[in-house]
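Open the model in a viewer and keep the selection panel at hand. The stops below are meant to be taken in order.

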Amino acid sequence: MRGTRRTRLCLAGVMAASALIATPAAPAAERTDGHLTDLVNPFIGSQDEGNTFPGAAVPFGMVQLSPDTGHMTGYDYTQNRIRGFSLVHLSGVGCRLGGDLPVLPTTGDVTQTDYAKYAAGFSHQDETASPGYYRVGLASGIRAELTATARTGVQRYTFPATDKANVLLNAAQSLHKTVSTSVEILDDHTVRTSITGHGFCRDTGPYTVHTITRFSRPFTAYGTWNGQTVTPGSRTGPGGAYVRFDTTKDRTVEATTALSYVDAAGAAGNLRAEGGRSFDAVRERAREEWEKRLAGVQVHGGASTLRRTFYSSLYRSFLAPNIGGDTDGRYLGWDRRVHHADGFTYYQNWSLWDTYRTQAQLLALLAPTEARDMARSVVAIDEDGGWLPKWGYGPVETNIMSGDPVTPFLTTAYQMGLLKGFEERAYRALKKNADGIPPAGLPGIGREANAEYLARGFAPFVQDRPYAKMGDSDYHHGASVTLEYALADAMLAQMARGLGHGADAARYAARAQNYRNIFDPATGFFRARDASGAFTGSADPTRGTGFHEGTAWQYQWLVPQDVPGMVRLIGGERAANERLDSFFAYDKLVADPAKTAREVWVHGDAYAYYNADKYNPMNEPDLIAPYTYLATGQPWKTTDVVHAALTLFTDGPAGITGNDDLGTMSAWNVLSSIGLFPIQPGYDTWGLSTPVFDRVDIALDRRYWPGGHLTITAPGTSATHRYIQSVHTDGTPQGRTYLTTRALRTLGSLTFTVGPRPSEWGTSPEAAQPVLK
């Protein structure tokens with residue numbers, strides 16, 4: 001049973017005395033410049049395995065032109081040598097990929113072809129970055145500047161006065177493994193390359209990127225190399241090329257490189273369509289694109305550091321997925337054939353295990369046109385290649401991570417109204433995915449453990465099962481996979497019901513209860529079962545047996561479709577709240593929230609996923625966990641935990657505590673900061689917690705959000721005044737701890753009244769989030 005009002009208010013007094021932080025008390029300072037882009041620091045997350053990149057890109061661009069220092073994902077702030085400026089990077093991934101065609105300016109004779117040897121030193125004191133722009137002074141005396149369009153990267157190099165100013169284009173070396181490469185010098189302005197590679201966390205099928213680089217003035221000399229052998233005057237070679245300029249009078253060289261995943265003609269077409277402008281013109285256009293994106297959310301109040309971390313997170317949320325098709329509409333499908341995107345832009349790069357929890361919802365809210373095309377692209381992957389993706393990079397499946405993340409991703413799109421016109425096409429693909437397994441001839445694994453799951457109600461943990469295909473195996477993570485499958489079934493049941501497929505809806509809703517099949521009454525926790533059905537592995541819930549990047553403690557709360565049912569399994573609300581308090585180290589949190597977040601929750605490096613009984617705010621399984629209190633009668637604790645976790649986002653290079661995972665963690669920060677969070681990913685439920693800003697103005701696309709604008713206010717929110725006293729929607733009292741997408745569609749104002757102590761708001765049994773039937 002919930003505690004009495006007296007019990008809650010006694011606890012409220014204790015917590016108020018603790019002065020738990022939400023945001024430093026600060027005057028409602030506004031930005032003093034004219035550009036929101038000036039509040040973005042692209043270096044955030046470039047240290048301690050945040051794995052972000054500081055280079056130039058436009059929102060969702062195919063090209064991310066950025067320096068590579070030797071780190072597996074590109075740039076590491078602690079290193080001081082740049083190997084080249086390459087075309088492809090994904091923000092915050094944890095595996096080696098991209099880095100195609102590193103380009104570096106040098107002077108003198110070309111004697112080295114290994115970019116680790118000819119790398120140039122640099123200092124952070126002579127380095128700067130902003131959305132769409134990067135600049136660095138190299139120890140060689142050369143200044144390098146980068147900017148981008150959607151499908152091109154534009155470079156400007158300012159050399160010392162010399163007749164041996166070189167630009168090296170290294171096709172044979174990338175962050176991923178190259179299989180074959182070729183370089184052609186087409187004329188005295190133009191270099192073309194083809195790079196085929198594979199990689200990621202484990203080897204994938206090969207894919208090819210085609211590039212064409214056009215320089216602003218003719219070369220005075222050129223050559224290519226094969227291995228370590230450099231051949232001056234050669235026009236072709238497998239390794240790389242150099243082109244030379246005389247900069248004794250004109251010290252500046254500009255170059256535009258276009259990229260295509262289709263073919264050389266596609267790269268040339270992208271260059272014609274997006275090239276031909278000066279560096280400064282491209283840079284200004286990129287800044288304008290970012291300014292428009294960021295201006296969709298205007299925040300008021302909060303300290304300057306808070307605003308910088310917020311807008312930097314908003315920026316990273318718009319970096320992916322990425323345009324995958326050329327300007328003529330062609331794209332390379334997962335069947336390795338060329339297709340044409342009719343009426344939509346084709347996107348690629350799908351970190352779905354991560355993004356289905358936060359970023360998919362944020363983009364549906366702030367970028368619905370692009371989010372709709374992204375959903376159409378995922379459906380096209382099924383129609384072209386035969387199956388829905390799990391973790392797609394470019395035109396290939398990697399099978400990294402586990403479960404069924406594509407279902408909550410696409411059902412999110414459905415619930416947000418983004419699938420209109422192709423709902424049934426999407427549903428057919430999802431139904432096939434949920435009820436079957438991809439044939440051996442397809443690269444994906446889908447729900448690899450589906451046969452056992454459908455027959456017995458759980459995915460078995462089989463540790464020694466060999467990989468059926470490249471990537472991760474669902475059998476190696478049977479416990480967490482069961483939870484992920486059940487979550488996906490719940491969300492698919494809601495879509496089926498909405499489309500009138502009643503029998504399917506009932507079947508999927510029944511399967512959504514399969515989470516119960518891995519609950520071990522003897523331990524009171526979820527636990528892996530082996531192929532015979534017996535519980536297996538350590539009975540200690542802090543161990544990670546059968547859980548992907550987590551433990552039973554951390555996966556305890558991944559039942560958003562039926563929190564009351566999960567709570568009953570572990571002994572009722574009182575037991576659940578006690579377990580939540582232990583999980584979040586709540587007593588320590590009350591005493592020192594920032595220290596608890598950094599020293600108790602973040603208990604190791606970015607990849608310390610196991611052997612823990614505490615909240616892990618730097619990885620995906622726990623992202624909705626703080627919002628569980630909304631369903632257990634103690635909503636003020638959600639605010640306490642969320643605001644403590646927000647202290648882990650800072651405005652320096654180490655400002656993200658783990659992989660950003662294509663904007664997943666950044667989107668968590670943005671959503672939690674404005675007080676709206678998708679507590680049932682794949683459905684339409686948004687949990688409420690106290691915003692960290694006095695006011696947030698959100699511009700919405702009326703084609704998808706008829707209201708056109710949402711203003712969220714929490715006057716006086718601060719470290720000492722952050723507990724919700726009441727909530728009003730367009731002036732009407734809102735007693736529930738959540739809103740639905742339907743309610744948000746026409747909502748104009750969401751008003752929080754805050755105070756120094758918790759209140760009765762949200763504590764009634766009717767206030768909690770819905771159970772999905």
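The model is predicted, so local features need pLDDT of at least 70 and side-chain atom pairs count only at pLDDT 80 or more, while totals for chains, interfaces and linings use all residues. Residues are numbered from 1 along each chain as its sequence is written, and side-chain values use heavy atoms, with hydrogens and water left out.

Select residues 264-274, helix α3 (helices are DSSP runs of H or I, at least four residues, and strands are runs of E, at least two, numbered from the N terminus). Its buried residues (under 20% relative accessible area, 1.4 Å probe, protein chains only) are Gly 266, Ala 267, Ala 268, Gly 269, Asn 270, Leu 271 and Glu 274. At the N-terminal end, Asp 263 caps α3, with a side-chain oxygen 3.3 Å from the backbone nitrogen of Ala 265. Just after α3, Gly 276 has a positive phi of about 90°.

Next, show Trp 668, one of the residues with the most contacts inside the largest nonpolar core, which has 223 residues (buried Ala, Val, Leu, Ile, Met, Phe, Trp, Tyr and Cys joined through side-chain atoms within 4.5 Å). Helix α12 (residues 478-498) gives the largest share of this core, 11 residues.

Finally, select α18 (593-601) and α19 (635-646), whose axes come within 8 Å and cross at roughly 75°. Pro 593, Ala 597 and Trp 601 in α18 meet Val 641, Ala 644 and Ala 645 in α19 (heavy atoms within 4.5 Å).

Note on methods: Buried < 20%, exposed > 50% of the residue type's maximum accessible area, 1.4 Å probe, protein only. Polar contact = N/O pair within 3.5 Å; in protein donor to acceptor, adjacent residues only side chain to side chain. Axes fitted to C-alpha atoms, helices over the stretch in contact; angles between N-to-C directions.
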